[in-house]
Amino acid sequence: MAAPTPTTAARAATTHNRPLLSSPRGALAPSFLRLPLLPRAHAQRARLLAPVAAAAPAAPSTASPDAPAAGFVSGKPTVLVAEKLGAAGLALLREFANVDCSYGLSPEELRAKISLCDALIVRSGTKVGRDVFEASGGRLRVVGRAGVGIDNVDLAAATEHGCLVVNAPTANTVAAAEHGIALLTAMARNIAQADASLKAGKWQRNKYVGVSLVGKTLSILGFGKVGSEVARRAKGLGMHVIAHDPYASADRARAIGVELVSMEEAMTTADFISLHMPLTPATNKMLNDEAFAKMKKGVRIINVARGGVIDEDALVRALDSGIVAQAALDVFTKEPPLADSKLVLHENVTVTPHLGASTVEAQEGVAIEIAEAVIGALKGELAASAVNAPMVPAEVLSELAPFVVLAEKLGRLAVQLVAGGGGIKSVKVTYASARAPDDLDTRLLRAMITKGLIEPISSVFVNLVNADFTAKQRGVRITEERILLDGSPETPIDYIQVQIANVESKFPSAISETGEITVEGRVKDGVPHLTKVGAFQVDVSLEGSLILCRQVDQPGMIGAVGSVLGEENVNVSFMSVGRLAPRKHAVMAIGVDEEPSKSTLTKIGEIPAIEEFVFLKL
């Protein structure tokens, strides 16, 4: 089949301005990366996306959680569990890592411990701020939040320090939704107040007359996993359900029988309002005096999301004035709230102590989910619940896997070809594909190229989390170009080309006609291949290490170089020769399984027809 060719006006060079990292809001759809998250001391840097063969786990540690150091196994990563976690999750962790269960740590104690830990697992009670990441000294590679919300973790600081943050967003979804419905019905029928009254020896049937739910309008603010589950259950109670969420799919809402509306309509028409959004600067105290003033008199509020989304003083005023008839709250701005809190003690408020996820099933589910995410990240796998890395559908990530390996190796090759100490400032990456730009997400590939470019010449670990930040910090400008090809879009990418501008090269033949160091590669049968160096076409598998030789194109050259390597017991895995024209100049690319000695390389350089050569580690 003929090679695909560029279509007219297909080139569109753009500086990458899409953020590699998504926001922690539902806009995030983070999922399949390989992170070098094994301890630094062990120098086992798993590739960001390449398959990683983890060592067989040692037998579970017999150490007591209260004295973990006594049973720690050298060479295993260390996981600090700072808040109570279900037994099933702890059992999974102990099969893979040394586990230190230290609950109730003060900020000072957490900072003192964290430099000895590769991963940290918290719930909502532990603040993981910039000071924690700085105190880790770069060792902390994963923070696991056993639950949904991540407002107690400084995502910006985590990203800057190359630390992946994962949560457990699915295991407690049903529990939280059920608790929301429980609060809604208990509030509507005054269950808590009537219970307390009867236990106090009173019989006040007339005082605790409730309201029916059938036909009432429930407004759900935040139509994510929990919000949509609440909607399903409320529909079963005969309620009319509307929702507001700028990120929600109208088709998904319609499938449940929910109408998406504006914030104004959601606030002003509801009989009940249930909150299910994260706490962000945009949602902080979103329900304030101004918001309550717009609501229907006698509205009822349910909150099983985050306490900070309600201005609690404003809610008390709205309750006292009758704008809000009742409130049912599971979360508070400060937890636990003060003993004399006017809101908690208000007779029209039903409260629970953050029990949204507190079912036996949810606690075990969350423990297992976060343990699996943390273990996967420490092995070098991408957690599906990563919150400071891009979420890419699993099928796309699987499809891109061999190209991600190719991208990193091209970056490593290109940087090793640079000579002199001027530094790399400008890199252009070209993707040739028959797919439209909207159908090809290159963030993973760009991150891997950045990793390949920077790691060989620095001490920093680069991963999908911190790739863009690391490049910017070092003044490296990476631009991306797409070449739209004719042909079938079945294969995501035909080739990737990496060019470094304004530098000298150790191997001058790698300089293209336009003056940049240029390397190009393809994936063949799932294996990355180097297919072009400078202006020379080659074809060599990117496995092991590589020797590039520029030579006079004459008979016997392959044999001459092969003989030198054979005499030194260096095994050749692949060999390819590319030339511009017969009997002129050619570039020989030789894949080798072992690193040749300096004397062996010297002998290759002494072959009369060899004009230049370079050894490259992959």
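Colleague: Between which helix and which strand does the loop with Asn569 lie?

Modeller: In this predicted model, where local features need pLDDT of at least 70, side-chain atom pairs count only at pLDDT 80 or more, and totals for chains, interfaces and linings use all residues, Asn569 lies in the loop between helix H17 (557-567) and strand E23 (572-579). Residues are numbered from 1 along each chain as its sequence is written, and side-chain values use heavy atoms, with hydrogens and water left out. Helices (H or I, at least four residues) and strands (E, at least two) are DSSP runs, numbered from the N terminus.

Colleague: What is the phi of Asn569, and is Asn569 buried or exposed?

Modeller: Asn569 is not a glycine, yet its phi is positive, at about 60°. Buried means under 20% relative accessible area, exposed over 50%, and partly exposed in between (1.4 Å probe, protein chains only); Asn569, with 66% relative accessibility, counts as exposed.

Colleague: Where does Asn502 lie, and what is its phi?

Modeller: Asn502 lies in the loop between strand E17 (495-501) and strand E18 (504-505), and its phi, near 60°, is a positive value in a residue other than glycine. Asn502 is exposed, with a relative accessible area of 74%.

Colleague: Which residues does the cis peptide bond join?

Modeller: The cis peptide bond joins Glu335 and Pro336, with omega about -5°, and Pro336 lies in the loop between strand E12 (324-329) and helix H12 (342-345).
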